[in-house]
Amino acid sequence: MSSTQTSTNADPITLEIIQGSLQAISDEMFAAFRKTAMSAIIYEVLDMGTGITDGRGNLASSGAGIPAFVGVLDKAVQRILQLHEPGDIKPGDIYVTNDPYYGGVTHLNDVVLAMPVFAGAQLVVWTANIAHWNDIGGMVPGSISNEATEIFQEGLRLPGVKLFEKGQPIRSVLEIMKANSRLPDFLQGDMWAGVAAVRVGERRTLELIDKYGADTFITALQSFMSYGEQLARHALRDLPQGRFYLEEEQDSGAIYRVTVEITADEFIVDLRDNPDQDPGPNNASRDGTMVAAQMIFMNLTGAHASANAGHFCPLTLLTRPGSVFDPNPPAAFGTYYEVEVRIYDLIWRCLAPHFDQLPAGSFASICGTFIGGTHPDTGRHFTIVEPEVGGWGASATRDGNSAIFSGFHGDTFNCPAEIAEARYGLYVEQLALGDEPGGEGERRGGKGIVLDYRVRADGCFLTCAYTRNKHRPWAVNGGREGSPNHVEIIRRDGSVERHAVITAAEVNEGDVIRIHTGTGGGQGDPRRRPRELVREDLRNGYITEEIARSVYELAP
Amino acid sequence: MNTEPATDPITLEIIASALQATGDQMFAALRRTAMSAIIYEVLDAGTAITDAAGDLVSSGAGIPTFVAVLDRAIKRICELHAGGEIRPGDVFITNDPAYGGVTHLNDVVVALPVFADGELVAWTANIAHWNDVGGMAPGSISTHATEIFQEGLRLPAVKLLAAGEPVRSVFEILRANSRLPDFLHGDLWAGIAAARVGERRILELIQRYGRPAFEQAVEGVLAYGEHVARQGLRALPEGRYDLREEQDSGALYSVTVEIRDGEFRVDLRDNPDQDPGPSNLSRDGSMIAAQMALMNVIGLQGSANAGHLRPLTVLTRPGSVFDPASTAACSLYYETRIALYDLILRCLAPHLSERLPAGSFASICGTFIGGRHPDTGRHFTIVEPEVGGWGASSERDGNSALFSPVHGDTFNCPAEVAEGRYGLYVDRLALSDGRGGAGEQRGGRGINLEYRVRGDGCFLTCAYRRSQHPPWSLSGGEPGSYNYVEVIRGDGSRERHDAVTALPLSEGDLICIHTANGGGFGDPRQRARGRVLDDIRDGYVSGAEAREVYGVTV
């Protein structure tokens with residue numbers, strides 16, 4: 001990006017204030033969304049993101065919420081700009097998209113709302129947000145099916161269209177959205193929350209423009225992008241240069257390959273040599289693949305507050321149309337997130353041996369878990385849609401963190417047991433750190449979890465699609481691999497079934513759904529772990545005596 | 001503009017006939033501008049004019065059961081957009097039984113309010129089968145659906161055009177949610193054009209004769225319709241008739257019909273709970289089946305209007321297969337509706353045997369074949385009903401190879417069009433040579449239609465009824481034969497299906513569609529020897545059947 005400074009007399013302090021304000025606006029939009037949303041997956045789990053772009057859709061601040069979601073927003077706005085003539089975009093409009101073929105990036109459940117903000121006649125900024133909506137229609141409740149083969153089966157496609165025109169809702173669109181969801185009240189509540197959030201962003205942006213003037217405001221946007229680019233280029237020069245390659249077998253048997261080339265001024269991620277698009281829903285759009293590459297790039301070039309379009313200038317992504325990372329219509333995307341987290345983990349693993357700051361592999365799955373049925377107390381339909389927490393990999397300097405969301409997720413929370421029990425009509429019988437072996441090392445991988453849901457009504461269902469099940473979290477420098485992600489259904493009669501990918505398995509009153517998430521990979525030979533740390537692990541219950549003896553070789 | 005009330009009956013009759021002609025003209029416009037063969041060849045479409053309140057005034061050619069959908073759609077639109085929301089230049093769209101769509105999501109209704117001097121005076125509307133509205137299966141109809149959300153895009157009676165301008169967001173959503181967006185777009189504009197033709201003609205009529213005369217003519221049409229219907233009913237034997245019939249699925253359907261004092265009352269309350277699959281019929285749809293039966297028993301010629309239907313009462317039980325919850329799947333509604341229609345006729349026929357024939361093949365035999373066209377590489381989907389045999393009446397043999405009575409004025413797709421469009425070979429289309437339907441009057445013959453598949457990766461979906469229980473006979477005739485599909489694989493193996501979803505097909509496989517002969521009327525041994533000899537000569541009856549069933553030896 002060229003740093004075309006317009007000739008204003010704005011001082012650096014003012015520019016910095018405007019920058020800080022843009023970040024604050026994203027945060028305020030986030031707060032507005034959270035406080036007004038109707039679904040727990042938004043207000044509790046925070047499966048959402050907010051952000052601001054410039055008038056052309058370049059990310060202007062790092063936004064708030066799930067990093068992988070913030071990275072969607074600029075792409076959505078750019079596509080909306082392509083789809084609509086400049087004269088058609090007017091103050092008070094709000095656009096909606098959820099379709100990866102129309103700027104939606106992820107899958108149909110993630111709905112983006114974007115609002116153009118005008119200074120006079122000039123379109124200067126877009127405020128935007130994205131959130132997971134519980135049900136958008138499609139072939140299964142919750143809209144995500146492992147059996148989908150076309151996007152048409154995954155719900156209502158909203159192709160980057162106007163939802164509001166000049167401040168007024170387009171009633172036809174609202175009615176269509178409601179009619180096509182199994183949970184129309186939630187959809188409506190969440191939609192208005194998103195509308196309120198982009199409008200808060202618009203109001204604050206206009207106040208800034210009013211206070212400092214449009215020219216100064218635009219200069220601030222540009223200067224911050226230039227600053228982001230400078231930071232990125234500076235950081236890039238400190239990275240080891242070279243060409244790095246990795247191929248890795250997936251749980252499905254597919255082989256994914258990546259080549260990363262780092263030069264003094266470029267960071268090229270080449271994913272062209274990858275399998276054809278998946279016949280099922282395991283595809284990531286090219287935009288989604290870009291988000292994964294951007295996240296790794298941010299991990300390596302630091303400076304978290306500068307995640308803007310300028311910062312990403314040195315990054316180039318190569319994909320092959322028709323491949324799993326750049327599929328053609330009508331490929332399905334329901335479980336895109338497992339593909340995106342796989343790309344992220346793949347690039348990470350490719351680079352980790354060469355970069356001290358990168359830890360070993362984490363449980364690296366969203367562990368998306370869907371449970372639905374009839375609430376035994378209210379008789380109403382409920383659907384849980386939740387990611388699970390798991391263990392992160394050990395780094396050279398410390399043990400991995402236990403029980404946090406994947407790196408892809410960032411700022412999200414798990415749903416408190418009290419909320420889950422009330423809303424969903426299940427009992428949360430156990431939430432504990434995982435007790436399966438794995439992840440041992442001089443630095444230990446963080447622990448995954450064990451979470452038990454006891455089903456309270458007949459005719460409920462479980463859908464999940466976990467990766468890192470057959471192939472476990474990877475270790476570095478002689479550490480041990482982590483443990484796998486999986487789900488057990490323990491039937492009332494005591495029989496046990498084990499799954500990683502299943503659609504709409506029937507579960508009935510008294511059955512227990514036991515979720516296991518992986519322990520992260522270890523770093524370094526376990527025998528070199530300081531003895532007092534091994535003894536402490538033993539005391540804290542992180543390891544068993546058997547593991548202490550056989551893997552850490554702790555003398556009795 | 002003429003403001004004198006034109007009360008003379010000649011003028012009113014001219015207006016009434018002009019409204020009928022307008023219905024036909026809308027149909028012609030739809031047919032000539034539609035992009036999909038199922039509309040322009042098969043004519044799986046209908047048009048209608050209603051008064052301002054949505055009462056049916058006239059209808060164009062097309063499927064009779066479709067025409068009766070349109071008044072309900074308009075009434076629902078009026079409910080949902082009360083309070084000045086309906087304005088000149090608006091066009092509304094619905095396809096959802098919970099929102100006036102009546103049938104299933106593939107049947108899309110386009111409705112246009114007609115304004116004269118700023119006041120709503122009439123509606124013009126049409127309905128047509130769209131090939132694909134999204135959903136879990138190509139063609140949108142799946143025998144596996146358990147909820148309406150799996151059957152495609154729900155259009156809840158919303159504005160498609162506002163004040164003459166397309167609501168662009170709705171157009172874009174429609175396109176994005178179909179596997180065949182170009183066809184959808186073409187068929188959509190055909191529907192809009194047809195509704196606008198109707199609007200123009202109505203406005204010309206009002207211009208010429210004045211609004212009072214127009215409204216008087218409309219009222220006259222409805223009042224006359226009611227008069228005809230009540231008179232027809234009074235000519236029938238009064239009584240209360242019951243029937244309980246087992247369906248192919250094993251379910252038992254029941255009906256009680258009461259004809260008394262010029263009223264026609266159909267009680268469907270004692271029927272099974274709604275189907276977990278897609279074989280549900282909305283309450284409005286059940287009403288239509290009863291209307292069709294009513295029109296048959298009073299022997300109406302010409303098109304129906306709201307007046308004819310005033311003597312009708314239909315009782316249903318919410319939550320039942322004939323009045324399901326709004327989220328029930330309904331893509332196979334048409335087989336349920338024809339089952340209900342056939343049930344009411346079967347209930348009445350023994351008592352009205354001079355008016356009603358024996359049972360027909362009584363299935364839409366909806367057949368869906370899709371895949372990649374071997375010549376163009378583009379995706380194709382055949383969506384077609386099949387023709388079959390009708391039942392014999394007391395006076396004559398049943399007709400052969402006609403669409404079901406609920407279909408009316410539709411055509412089968414010519415072999416040339418099918419081969420060109422769909423990339424299949426039509427190897428054979430012949431009258432069925434299977435036994436069934438013998439009688440003093442013979443049931444009409446079904447057909448045998450063979451499609452040869454030309455490319456790998458194609459699929460077949462179908463859901464036929466009367467494949468376990470054959471068409472019913474009257475007065476000692478024999479029941480008809482069965483509806484089913486046989487698939488003969490390249491290796492010669494054979495499979496029989498009557499309900500199957502997305503059955504994989506490969507190059508060289510043969511799809512053999514069999515539709516049933518209608519039921520016979522009267523003892524076959526009473527059939528005149530000369531007619532049996534003619535049947536043998538014409539190939540309708542074999543020598544063996546003549547001997548064994550008709551007692552005729554050559």
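A pocket, as the word is used here, is an open set of grid points where a 1.4 Å probe fits, with protein on both sides within 12 Å along at least five of seven lines.

**View 1. The second largest pocket of this predicted model.** About 1,200 Å³ of space lies in this pocket, and its lining is made up of 42 residues, among which Glu150(A), Pro330(A), Pro138(B), Arg179(B) and His379(B) lie nearest the centre. In chain B, the elements α4 (168-176), α5 (181-209), β12 (366-372), β16 (458-463) and β19 (499-505) each contribute at least two lining residues. Sorted by class, the lining of the second largest pocket comprises 21 nonpolar, eleven polar and ten charged residues.

**View 2. An open sheet of four strands in chain A.** The strands follow the order β13-β12-β16-β19 with antiparallel pairing, and the edge strands, β13 (381-386) and β19 (501-507), each pair on one side only. From one strand to the next, the twist averages 10 degrees. Within this sheet of chain A, β12 (residues 368-374) and β16 (residues 460-465) pair in the antiparallel sense over five bridges, and Thr369(A) stands opposite Cys464(A) of β16(A).

**View 3. The packing of helices α1 and α6 in chain B.** Helix α1 (residues 9-33) and helix α6 (residues 211-234) of chain B pack at an angle of about 75 degrees, with their axes 9 Å apart, and α1(B) and α6(B) are therefore roughly perpendicular to each other. From α1(B), Leu12(B), Ile15(B), Ala16(B) and Leu19(B) meet Ala213(B), Phe214(B), Gln216(B), Ala217(B), Val218(B) and Val221(B) of α6(B). The residues of this contact divide into nine nonpolar, one polar and no charged.

Key:
Residues numbered from 1 in each chain as written. Chains lettered and ligands numbered in written order. Predicted model: local features only at pLDDT ≥ 70, side-chain atom pairs only at ≥ 80, totals over all residues. Heavy atoms only, no water. Pairing = 2+ DSSP bridges. Axes fitted to C-alpha atoms, helices over the stretch in contact; angles between N-to-C directions. Parallel < 35°, antiparallel > 145°, perpendicular 65-115°, else oblique. Contact = heavy atoms within 4.5 Å. Nonpolar A, V, L, I, M, F, W, Y, C, P; charged D, E, K, R; others polar. 1 Å grid on protein atoms, 1.4 Å probe; cavity = no way out; pocket = protein on both sides within 12 Å on 5 of 7 lines; lining within 4 Å. Points joined across faces, edges and corners; volume = space filled by probe spheres on them.
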